[in-house]
Amino acid sequence: MKAIVVEDSRLAREGLINMLQAFPDLHVVASADHSVNALALIQEHRPDVIFLDIHLPGESGFDLLEKLDYSPQIIFTTAYTEYAIRSFDYNTIDYLLKPISDERLKIAIDKLSI
């Protein structure tokens, strides 16, 4: 399963990518720190799942999703609880609050349609 991580914080992005290495069926094919780069990478790789922060420079993760021409599985990764209800307007598998624990990440990964 191909994955892309979209997270503006370098430390959070690298930390999540490292955590995802524990899941051999999941292959992080790219990562981005803002929506412009993310859109190009998503169009190029067409990942099965996107790990997506909501607050990004310039526009939100929701804005990014509105530009896609297909519906990948989405796992939101954010520090904000107030967007949880809205997140389910998309192909949302889970809504992870930062800091993300190994146990909580595993629960989210187990929900994916691999």
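# Reading a parallel sheet and its packing

Modeller: In this predicted model, 5 strands form an open sheet with parallel pairing, in the order 2-1-3-4-5. Strands pair here if DSSP finds at least two bridges between them, and helices (H or I, at least four residues) and strands (E, at least two) are DSSP runs numbered from the N terminus. Residues are numbered from 1 along each chain as its sequence is written, and side-chain values use heavy atoms, with hydrogens and water left out. Local features need pLDDT of at least 70 and side-chain atom pairs count only at pLDDT 80 or more, while totals for chains, interfaces and linings use all residues.

Biologist: Which strands stand at the edges of the sheet?

Modeller: Strand 2 (27-32) and strand 5 (92-97) do, and each has a single partner strand, so one side of each is left without a neighbour in the sheet. On average, neighbouring strands are turned by 15 degrees against each other, direction ignored; axes are lines fitted to C-alpha atoms, for helices over the stretch in contact, and angles run from 0 to 180 degrees between N-to-C directions.

Biologist: How many bridges join strand 1 to strand 2, and which residue of strand 2 is the bridge partner of V6?

Modeller: Strand 1 (residues 2-6) is joined to strand 2 by 5 bridges, and V6 has A32 as its partner. Strand 1 also pairs with strand 3 in the parallel sense, over 4 bridges, with A3 opposite V49. Strand 3 is in turn joined to strand 4 by 4 bridges, where I50 is partnered by I74.

Biologist: Are the residues of strand 3 buried or exposed?

Modeller: Buried means under 20% relative accessible area, exposed over 50% and partly exposed in between, with a 1.4 Å probe and protein chains only. By that rule V49 and F51 on one side of strand 3, and I50 and L52 on the other, are all buried, both faces being covered.

Biologist: Where does helix 5 lie, and which of its residues are buried?

Modeller: Helix 5 (residues 102-110) lies across strand 3, strand 4 and strand 5, running at about 175 degrees to strand 5. Its buried residues include L105, A108 and I109; seen down the helix axis, the buried residues fall within an arc of 100 degrees (taken from the directions from the axis to the C-beta atoms), so they line one face of the helix. On the other side, E103 and D110 are exposed. The cover over the buried residues of helix 5 includes helix 1, strand 3, strand 4 and strand 5, contact meaning heavy atoms within 4.5 Å.

Biologist: How is a pair of aromatic rings described?

Modeller: Such a pair is described by the distance of the centres and the angle of the planes. Rings of Phe, Tyr and Trp (its six-membered ring) pair if their centres lie within 6.5 Å, and planes under 30 degrees apart count as stacked, over 60 as edge-to-face and the rest as tilted. A search of the whole structure finds 5 aromatic pairs. One of them, F62 with F76, is tilted, at 5.3 Å centre to centre and 50 degrees between the planes; F62 belongs to helix 3 (residues 61-66) and F76 to strand 4, 14 residues apart. F62 is buried at 1% relative accessibility, and F76 at 0%. Y80 and Y83 form an edge-to-face pair, at 6.3 Å and 75 degrees; Y80 is partly exposed at 34%, as is Y83 at 22%.

Biologist: Which residues form the aromatic cluster?

Modeller: F62, F76, Y80, Y83, Y90 and Y95 form one cluster.
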